Amino acid sequence: MGWNCTTSTTTTASTTSTSPQPLLTPMMAPTISAPVPAPKPWDITDYVVNQGHGVKGLSEMKLPSLPMQFIQPLEERIDASKVVTEECMPVIDMACLDDPKVAESICDAAENWGFFQIVNHGVPIAVLDDVKEATHRFFGLPGSEKRKYSKENSSTNSVRFGTSFTPQAEKSLEWKDYLSLFYVSDDEASTLWPSACKDQVLEYMKRSQVVIRKLLEVLMRRLNVKEIDEKKESLLMGSMRINLNYYPICPNPELTVGVGRHSDVSTLTVLLQDDVGGLHVRGVVHDSWVHVPPVKGSFVVNIGDALQIMSNGRYKSVEHRVIANGSSNRVSVPIFVNPKPSEIIGPLPEVLEEPLYKQVLYSDYVKHFFRKAHDGKNTVEFAKI
């Protein structure tokens, strides 16, 4: 409040006179509204990661542009000029596996590409279609249902719903939601896996085990391993994890990735992809990328770090990544065939060469992979001598 000086008329008993006299009257200060706190900005990371809406929740909002949390650095985006079309990944027909030429093709692809596709593998098309449909069904559940399987809420470490890869370690998030299912037993799966997909995933996994074992037998023979006995089985395929991956429609897909550059930590990965496509593999030509076109009824097979280490580098675990899509939702269902977590991995004794890798506890190797963001082939450095 301020004060204003004005004049007034005064009267005395003896005389009446008019003279200016200062009179102080209050002057009100301009009205100032109490400060209104700025609205709290929408925490997209909290919405997507912590509240469990995932990128599917963002996609369904039909945002006009990609949130900054998902914008990748230039060097991590897909550069179309580096995607080559003249390179073609091998597609191998498993119908005549007894033919030595087929076995030779598998081993050659594992050495030179680290990736190949297989057809006529013996898993019925209906089983593949059912597990893709089950994947869509799970991700179509309300967020409140999916959140039951988040890291904070899941009753077991064997079941995990999440988004991106390792959000707490990433500078930029990846445009993918996933449900990860670690197989312990049929009983546990029946009890703890989501009812929307458990039966179809179990059937898919069991039907795939036959071809997985056949592939490993072929690959081992070139490494002088005559048979996969109980000990080798634990080392090569002692545990399995199945992921249901969901890549929803993305605004500005050229600015982000579905999955960043990485190699798998598995022995083998057997991937079922739908007909949308988006998987890119590091090419034979330096710094190039090759798109893996969907082939109806096929599996994409790739060598993981564990087998690269056990083969002493003969079989190659290769970088790969997934692009985001601006027009279609995509699903994929990889089976990660892994050593038992308690196994020590290193070059097999049958590989008679100077070892390039040390002996490491497999669970330590996996922990190293998951505690950081995707970073290309850097994980395998953990095991190098």
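## Cores, strands and a helix in a predicted model

Leu 268 is in contact (heavy atoms within 4.5 Å) with Ile 212, Leu 215, Leu 216, Leu 219, Val 301, Asn 302, Ile 303, Gly 304, Leu 307, Ile 335, Phe 336 and Val 337, leaving aside its neighbours within four places in sequence. The model is predicted: local features need pLDDT of at least 70 and side-chain atom pairs count only at pLDDT 80 or more, while totals for chains, interfaces and linings use all residues. Residues are numbered from 1 along each chain as its sequence is written, and side-chain values use heavy atoms, with hydrogens and water left out.

Leu 268 also belongs to the largest nonpolar core, which has 73 residues; together with Ile 106, Ile 118, Leu 179, Tyr 204, Leu 219 and Phe 299, Leu 268 touches the most other members. A nonpolar core is a set of buried Ala, Val, Leu, Ile, Met, Phe, Trp, Tyr and Cys residues joined through side-chain atoms within 4.5 Å; buried means under 20% relative accessible area, with a 1.4 Å probe and protein chains only. Helix 7 (residues 198–221) gives the most to this core, with 11 residues. A second, separate core of 14 residues includes Trp 113, Phe 115, Val 259 and Val 318.

Strand 14 (residues 299–303) has 5 of its 5 residues buried. Phe 299, Val 301 and Ile 303 point one way from the strand, whereas Val 300 and Asn 302 point the other way. In a regular strand the side chains alternate between the two faces of the sheet. The pairings of strand 14 are listed below; two strands pair if DSSP finds at least two bridges between them, and helices (H or I, at least four residues) and strands (E, at least two) are DSSP runs, numbered from the N terminus.

Elsewhere, an open sheet of 4 strands has the order 10-15-12-13, with antiparallel pairing. Strand 10 (259–262) and strand 13 (289–291) are its edge strands, each pairing on one side only. Strand 10 pairs with strand 15 (residues 320–322) over 2 bridges, and His 262 has His 320 as its bridge partner in strand 15.

In helix 4 (residues 125–139), the buried residues are Val 127, Leu 128, Val 131, Lys 132, Ala 134, Thr 135, Phe 138 and Phe 139. These residues lie on the same side of helix 4 because they cover an arc of only 155° around the axis, the arc being that of the directions from the helix axis to the C-beta atoms.

Methods:
Buried < 20%, exposed > 50% of the residue type's maximum accessible area, 1.4 Å probe, protein only.
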